[in-house]
Amino acid sequence: MVGSSARESEETGQGGKIDRPPTRRGKFITFEGIDGAGKSTHIDAAIDLLRSEGFKVVSTREPGGTPLGEKLRELVLHEPMHLETETLLMFAARREHIVCVIEPALLRGDWVVCDRFTDATYAYQGGGRGLDVAKIETLERWVHGNLQPDLTFLFDLSTTVAQWRIQTQGKDTDRFEQEKADFHARVREAYLSRASRFRRFCVLDADQTRDEIKKLIEESVLSYCSQ
Ligand code: TYD
């Protein structure tokens, strides 16, 4: 009898409800790179691929991803401000994004594909602008604790090619795109340094044809899905 009541409580839980196995947590994929590296065109293809494999995917971006985050994006991309203000606004938008979008999606079992995340803060505010990395680490711990992307595609490209792409795109540029080549070179170095430290990075040579890059991303995503 003891055995049977133990089994019953396992099946029905204390409140009489059936305990369902927890939904498997979704995966968090990010895309990073210096401005002009061309990541945006590949994000949609990766999302289509994941959906065709049967995953529910939330597509989002930073800074932004929530109504408040998008307002903060407008400010940080276009208003001149002190470096620490810029960094705090990136993390303020990120906190909102994590609480309202990223964590709920991962908990539901959805996959989240995000155009930039905290690696961009290390690269741009840390590498590019020279903010003390210890400050970024403190904010990172405070704002997202143990949450890290599971897989990060880093589009790597020489700053000369990237600058040429930005200038010939004919789009309005933001405060970061307007920075000089040496700023972008420091951003690139900071990204590569992170990529050498963390196994989640997949570094792509962004100076290949669109089809070649697409194929490499497809292979990585499919191999990741099957793990
Ligand atoms: P980006 O995502 O490249 O958008 P678009 O493709 O429309 O130009 O632009 C966002 C900019 O914000 C980019 O230059 C990098 C910068 N950025 C930071 O400086 N720090 C951060 O933490 C994040 C997320 C972005």
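Helix 7 and helix 8 cross in a right-handed sense (right-handed means the near helix is turned clockwise from the far one by less than a right angle, left-handed anticlockwise). This is a predicted model, in which local features need pLDDT of at least 70, side-chain atom pairs count only at pLDDT 80 or more, and totals for chains, interfaces and linings use all residues. Residues are numbered from 1 along each chain as its sequence is written.

**The helix pair**
- Helix 7 (residues 159–169) and helix 8 (residues 181–197) pack at about 120°, their axes 10 Å apart (axes are lines fitted to C-alpha atoms over the stretch in contact, and angles run from 0 to 180 degrees between N-to-C directions).
- The two helices are therefore oblique to each other (under 35 degrees is roughly parallel, over 145 roughly antiparallel, 65 to 115 roughly perpendicular, the rest oblique).
- From helix 7, T159, A162 and Q163 meet A181, H184, A185 and R188 of helix 8 (contact means C-beta atoms, placed from the backbone, within 7 Å).
- By class, this contact has three nonpolar, three polar and one charged residues (Ala, Val, Leu, Ile, Met, Phe, Trp, Tyr, Cys and Pro are nonpolar, Asp, Glu, Lys and Arg charged, the others, Gly among them, polar).

**Around the ligand**
- The residues surrounding the ligand include D35, E62, R116 and F176 (C-beta atom, placed from the backbone, within 6 Å).
- Helix 5 (residues 118–128) gives the most to this shell, with four residues.
- Five nonpolar, three polar and four charged residues make up the shell.

**The whole protein**
- Here you will find nine helices and five strands (DSSP runs numbered from the N terminus: helices H or I, at least four residues; strands E, at least two).

Key
Two residues are in contact if their C-beta atoms, placed from the backbone, lie within 7 Å.
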